[in-house]
Structure formats: structure tokens, C-alpha cells
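Here are my notes on the two-chain model you sent over. Have the structure open while you read, and go through the points in order.

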Amino acid sequence: MPVPLYGFLEGDTVGLLILADDGDTLEVLAQKLQVAASLRVAPRHRVRVVCNDKTMDPTMTVAQAGLQALDRFDVRSG
Amino acid sequence: MLSREEWLPLARKLDWTYSYVREDEVFPEVISGRPWLPHSEWKDWEESFKTSYREYVDNQYEKDMAVQAVHDAVGRIENVQKLALPWLNSLKVHAAALPLAEFTGVIGNLRGARFGRDSAWRTMATFGALDEYRHTQIPLLLFHPLLRLDSQFDWAHKFYHTNNWFAVAARHFFDELTLGQNAIEFHIATNVVLETGFTNLQFVGLASLARESSDHMFERMVTSIQTDEARHAQIGHPVLTTVMKHDPKYAQYLVDKWFWRNWRLFSILTGLSIDYLTAPDQRPYSFKEFMEEWIIDQFLRTLDEFGLEKPWYWDLLMDELDIYHHMIYASAYSYRATLWFNFVIPGPAERKWLRQKYLKYWDDMDAVWEQISERWRTVGPGAENELAVHGTAMPTFCDLCQLPLSAGTPRKNTARVLVHDGRKYIFCSEPCQWIFLHEPERYANHKDVVKRVLSGEAPGQLPNLLTEYFNLTPDTWGKDAHHGDYEWLRARKDSAA
């Protein structure tokens, strides 16, 4: 099921609307955001997804991470 | 026949005791504003200009003639064609944002002219309404004919009638500031905060920018408008004095709220014009220097004058001087087709200048411009490559100011999600959330552009959003003014080869 999320990539100047699937892993979610922001921020290999100030397990799915429509997630280096 | 000194005070202070109706029926709180006080508390309302209608018309006639003379001498299309490309686009921004915003000021002033609590206040607000009508007509007269030069000038009339994201944000601001506002809040927010705090000085700054850019028409126009503003801005001061006396907490809230709301729009209109859309050799100062020298000092003096405190978000605002408009410009450049004017990439010399002026966060902004430049280097210059150097994902917007979620820094965006009455909202910053939570009934039902897309009200595909919802066309949507063809970019490509 599609889940629209607010994505914020470290290094970027604006938040983007990312249409995730609730079965996407957080690794895929991070990739989607990096591709969407690649005009302004060069994609990085090592990134982590942060929700509510907590670094998440990248193998978790969007649904398992408890991300719901119009929640915020961050993708940061490291 | 009475002399001026005899009839004018009588005409200006023509209040009486009502016998058929109660005073609170003549001036209901919902439209006159709060605190609701009997006229005895307002009877000393005074301003220093004390103009008569005849004097007003004589003065305005002279000013209009002066604008007309400059227009005849240097306001023709061939004069405008000689202006530097970035400045021409700054003109397009102001041509769209200014005229109909001023027209909403007519409505706000007319509300004061009827529901202001003292006769002298109502008299002055009537002149204020006439002023704002003039401020609508002059820029329309000067800018819209430039349509013959460039179709993007069509937005002088069109902007506020579209659902373009920036128009949505500007309407959200002016609808609240002027169209749907009670007389007390209107005059404090508009006269004290917007005009005394920002535009009065902004127009001085813009006039100086225009002079540096050899745009004598624009210089004359803003100077002429500024002289009106300096007069009618006086309305708000005695209003604020009375509110301070009876409800200082509310007065502080109004000033805090409106300084923030003004800052958001002002930093975009003026920040982009000074730091990006004025040719580098014609910039007399940076936006931050302008703010510190003109706006901040004056605002602090105004606060002192009324016994008000600095807004609680003051440190945050000071920090934003270094970064907010840069975040917005880079974001807007990468979504330029969503706007009605063209952009330029700051080249190496400009970025060196920007680094000197904005050392604190410039490294992060420089990385963004490097990446955008790299994309142009990869795809090559040309109008046909515009959309290859453009954002594709939907940018996001604040549920209060309706502007992009571009607050904070590239390292830490300050957007925050709030659940209120079972509905999710997102705000670019703490002050925007704070304003929302003070008056949620006022803001809660407004949908930002993202929520309009998600609800099916606006198309989700970018091309359809641009043409069907933002009312842009391939001719009018924003582009890189050089289509990526910059000498410094070519030089780099050659050296890389």
C-alpha cells in the first residue's frame, strides 16, 4: 500500500514527498529519497534512516517501522 | 468661513454618543478587534500628519506626476531591455507579488475606515485605503505593459489568481493580514510590523538596489510608494499604545506573530533580490547586512518604544539571517519551472562573495551548488536540457506559512510534524507551529499544496501540476536564465577535458 512520507536528506535544502510502499525496506526508502534529491545532494553509500531521533534497522519495512502517511523520516550519513 | 485650523480638528475628531444603538453594536469586537474598549479609551488617538483631503489630493497628484515623468523618460521597453538579466527577474518577482497584495491593503484600510475606534483613526485609514489603491495601480501600470517584452510579466495581473505554490503562500499571508482581519489586528500587523518594521525600510533598500542596477523607474516607484507608507504607517502606533495599556500580553503576541509571518515572505522577496537577482557588481550590501543595519535595529527600537520584549524566537531568527533565503533559493532553482521568473546559478566569484558574507553555513550551500553545476556539466547547456536539471519529486510545504520546508540548515531541517484533532500537520519551524497552535481554528482547514495533491484536488504529475494548477506554460515557467551556459562552467569543462 502506498504511504506518502516527508523525507529529509542530510545536505539537502528542502523536504521531499516520497511515495513509499509499506513493504519497502528502510534501505529502499533511503535510496528513493537519495535519488529524488540527487540534483542537489550527491548520493552516498553509507546512510541511515532516522525516525523520531532513532536510527532504524535498514532491513525493517516501512510498516514494521511504524511509519504512517505524512510522517517524517530523515536520511543521514553514516 | 472657518480657517483650516478651526475646521480640520472638528472634522477629524467627529465622534458622538450613540442613542439608538449601543457602541458595541456599532463597533462589534469581531470586526473592530480586541480588546473591546469604550470610546473613552480611544478618544486621545492621534497621529502627527493631520492631513486634509484637499492637501492629500494635491500631494498625491504631485507624486503621480513625478512618477509619470520618470516613466516617460526612462520607463520604456527599450530602457528595461538594458537592465541586467538577474535584475529583470527580480522585477518579475515584485511585479507579481506587489500590486494585488497592495490591493488587499485597500480592503484592510477600509475596514479601519469603518470600524476603527476613533474618528481621526478612521479618517487616516481612508487615506490609507487611497494610498494602497495607488500602490496597486502604479506597479500594474508600469509592469504589465512589459508583457510585450517578456510574457512572464503577465504575472503582474495573474499571480494572485493562480494556485501557484508561492501565490498560495502569499494569499494565505495577505488573506489573514488584510482581507479577513479585524481593525485592531490589521493596523498593528500592517502598520507597525509590516510597514514600520519591514516595507518602509525595504523600499529604501530596494530603491538603492534599483539605483545601483540603473533601474530609475523602479527606484522612483518604490520611493513614491514609501512616502505614502511613512504617513499611513502612523495609524498603527497609537492603536498599539492603547492595546499595550489594556492587554500587553495580547499586544506582545500580535507583534511576535506578525514579525515572524512577515519575516518569512520578506526574506524570500528581498533576500533573493539582494543576494541572487542583483548582478554581483551592483550589490551594495548582502541581505544579512541590510537586515542588521535597517530592519533589526529599527525593530528593536520600536519594541523599546512600546515597552515590548524581543520575540521569544529571536535567537532562531538571528540564525536564519545566515541561511533561510539561501535554502529557499537553491530549492526554488531546482524547482524553477514551478515559478514565473528565471534564475541564475551563482558562479565561483559570487560564491566567494557569498562565503565572505555568510561564512557560518556557506560550505553546506556551496556543496549544493556544486552538485547542481555538475548536473549541467553532465547534460550540457541548452533549453532542451532544462528539465534534466530540475527536481522531479514533489517538494513539501509548511502548513502555516505555506512555503517550502526549507528552514534550519542542510544538516538539520527543522520541520516538525504535529497531530492536532486527529489530523497531521507539518511546520517548517517552531514559530510557525506556535502560531498555528495559538489559533488552530483559523488555520486548521487550509490545505497546503501537498495535501491538495494527495486529496486529488491538484494533479500529482509535475507537468499537469504546472500547467493545470499553477497556470504556467512552457513559455512562462521559470528557467535558468542562461540555460546552464555559463562561461565559468564551460571553462571547467574545458579544463577537465
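**Notes on the model**

1. Let's start with a helix in chain B. Helix α12 (residues 216-232) of chain B has 17 residues, which at 1.5 Å a residue should span 24 Å; its end C-alpha atoms sit 25 Å apart, so the two agree. The expected span here is 1.5 Å times one less than the number of residues. Helices (H or I, at least four residues) and strands (E, at least two) are DSSP runs, numbered from the N terminus.

2. Some housekeeping. This is a predicted model, in which local features need pLDDT of at least 70 and side-chain atom pairs count only at pLDDT 80 or more, while totals for chains, interfaces and linings use all residues. Residues are numbered from 1 along each chain as its sequence is written, and chains are lettered from A and ligands numbered from 1 in the order in which they are written.

3. Back to α12(B): it is mostly covered, with twelve of its 17 residues buried. A residue is buried if 20 or more other C-beta atoms (placed from the backbone) lie within 10 Å of its own, exposed if 12 or fewer, and partly exposed in between. Among the buried ones are B:F218, B:M221, B:I225 and B:H232. What do the buried residues of α12(B) pack against? They pack against α4 (53-74), α5 (77-80), α6 (85-97), α8 (119-143) and α11 (183-212) of chain B.

4. Now chain A. Its secondary structure comes to one helix and five strands, running β-β-α-β-β-β from the N terminus on. For 78 residues, a compact globule would have a radius of gyration near 12 Å, and the 11 Å of chain A agrees with that. That radius is taken over C-alpha atoms, and the globule rule is 2.2 Å times the number of residues to the power 0.38. Along the principal axes, the C-alpha atoms of chain A fill a box of roughly 30 × 20 × 20 Å. Buried residues make up 49% of chain A.

5. Two strands pair if DSSP finds at least two bridges between them.

6. Follow A:L17 across the strands. Strand β1 (residues 2-9) of chain A runs antiparallel to β2(A), joined by six bridges, and A:L17 is the bridge partner of A:Y6. A:L17 also has a bridge partner in β1(B), namely B:M394. Two bridges join β2 (residues 16-21) of chain A to β1(B), again antiparallel. The hairpin of β1(A) and β2(A) has six residues between the strands, and A:G11 there takes a positive phi near 100°.

7. How many residues of chain B are in contact with chain A? There are 29, meeting 20 residues of chain A, where contact means C-beta atoms, placed from the backbone, within 7 Å. On the chain B side, α19(B) gives the most, with six residues. That side divides into 17 nonpolar, eight polar and four charged residues. Here Ala, Val, Leu, Ile, Met, Phe, Trp, Tyr, Cys and Pro count as nonpolar, Asp, Glu, Lys and Arg as charged, and the others, Gly among them, as polar.

8. Finally, some backbone spots to check. Most residues other than glycine have a negative phi, and most peptide bonds are trans. A:L70 has a positive phi of about 70° although it is not a glycine; A:L70 lies in the loop between β4 and β5 of chain A and is buried, with 20 other C-beta atoms within 10 Å. B:N471 has a positive phi too, near 60°, and counts as partly exposed because it has 19 C-beta neighbours inside 10 Å. The peptide bond from B:R34 to B:P35 is cis, with omega near 0°.

Terms used:
Contact = placed C-beta atoms within 7 Å.
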